[in-house]
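Here is a walk through one protein model, from a helix and its packing to the salt bridges. Keep the structure open as you read.

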Amino acid sequence: AIYPDDDDGDGDGDGDGDGDGDGDNLLKYADAAMYHAKEQGGNNYQLYNENLTKQIQKRLNLETRLRHALKRDEFILHYQPIFNIKDQKAIGVEALIRWQDPEFGLVMPDKFIPHAEESGLIVDIGDWVLKQACHQIKEWESQGFENLHLAVNVSSKQFEHDRLFWSVISTLKNSGMHAQQLELEITERMFLNISNTVSESLDKLTDKGVKLSIDDFGTGYSSLSYLKQLPIDTLKIDRSFIMGIPEDQDDAQIASTIITMAHGLGMDVVAEGIETENQLQFLNNLNCRRGQGYYLSKPKSAEEITELLKTKF
């Protein structure tokens with residue numbers, strides 16, 4: 001291997017001709033190029049350069065900080081209420097993780113969840129989210145806000161080796177929350193290469209009463225066959241199809257079609273990203289039962305949700 005800064009032709013990139021460390025360097029550079037190729041979607045090749053090493057170091061640093069964040073209890077949960085569209089009463093919440101980083105402040109999930117999934121830390125982080133959120137639901141119940149539904153996003157990695165099933169069962173038992181109140185949100189992309197293990201875990205969870213919803217529906221998969229093959233309870237219409245309604249005829253038709261299809265299959269529907277009164281009224285006319293979005297409520301801390309429930313429950 002001859003590297004860009006290798007002027008002596010020995011392949012070690014140091015220019016001194018002795019070749020020391022060539023094997024270690026080669027593996028290190030190959031790893032950097034491989035990760036970069038994966039980030040570009042796979043099925044391609046990438047040439048090594050120094051920037052790739054810097055990216056690897058940045059990734060490893062973030063992974064270390066995430067591990068420390070778990071140990072130091074730096075993660076917090078915010079909750080976005082889910083409303084009954086007809087009467088605009090809160091019937092549940094979606095748990096949304098945030099990272100209160102001591103150096104950079106409040107970090108949104110899109111900045112660290114992809115790294116957590118890549119490193120495998122998402123499994124432990126997902127367990128933490130589930131436990132915290134279920135106990136919060138029970139806390140609200142103790143204040144009189146009963147039968148609130150809880151939506152929690154889960155990653156495909158959490159299904160490996162039945163980890164998610166046992167984590168859910170244990171958390172429900174310890175918190176005292178009813179299985180029927182829990183809704184696990186999974187993206188369509190997860191179904192591209194669904195394994196028998198994942199399918200069996202989904203069946204076992206729904207057999208226990210846990211609900212299953214497809215998040216960002218309509219954006220990540222080209223086949224609808226999984227809708228009849230898997231025990232799905234709810235479709236969440238992606239916000240990209242809500243933002244243009246009712247004026248945009250294409251968005252309006254897509255939203256209407258998804259709602260009609262879901263109801264025909266015996267599924268519930270949640271509309272994401274509701275930002276105007278016109279959108280809310282349009283969805284209500286289509287008999288879309290549940291919705292969430294900034295028009296109804298932004299994500300809030302547990303304390304703020306408690307105040308909201310006092311007037312919106």
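The buried residues of α10 pack against β1 (75–84), β2 (89–101) and α4 (122–142). Here contact means heavy atoms within 4.5 Å, and buried means under 20% relative accessible area, exposed over 50%, partly exposed in between (1.4 Å probe, protein chains only). Helices (H or I, at least four residues) and strands (E, at least two) are DSSP runs, numbered from the N terminus.

This is a predicted model: local features need pLDDT of at least 70, side-chain atom pairs count only at pLDDT 80 or more, and totals for chains, interfaces and linings use all residues. Residues are numbered from 1 along each chain as its sequence is written, and side-chain values use heavy atoms, with hydrogens and water left out.

Which residues of α10 (302–312) are buried? They are Ala302, Ile305, Thr306, Leu308 and Leu309. The face turned away from them carries exposed Glu303, Lys310 and Thr311.

Lys310 also forms a salt bridge with Glu307 (3.0 Å, N to O). A salt bridge is a side-chain nitrogen of Lys or Arg within 4 Å of a carboxyl oxygen of Asp or Glu. Both residues lie in α10, three residues apart, about one turn of the helix. Lys310 is exposed at 53% relative accessibility; Glu307 is partly exposed at 47%.

Another salt bridge joins Lys236 and Glu94 (3.2 Å, N to O). This pair links distant parts of the chain: Lys236 sits in strand β7 (234–237) and Glu94 in strand β2, 142 residues apart. Lys236 is buried at 0% relative accessible area, and Glu94 is buried at 6%.
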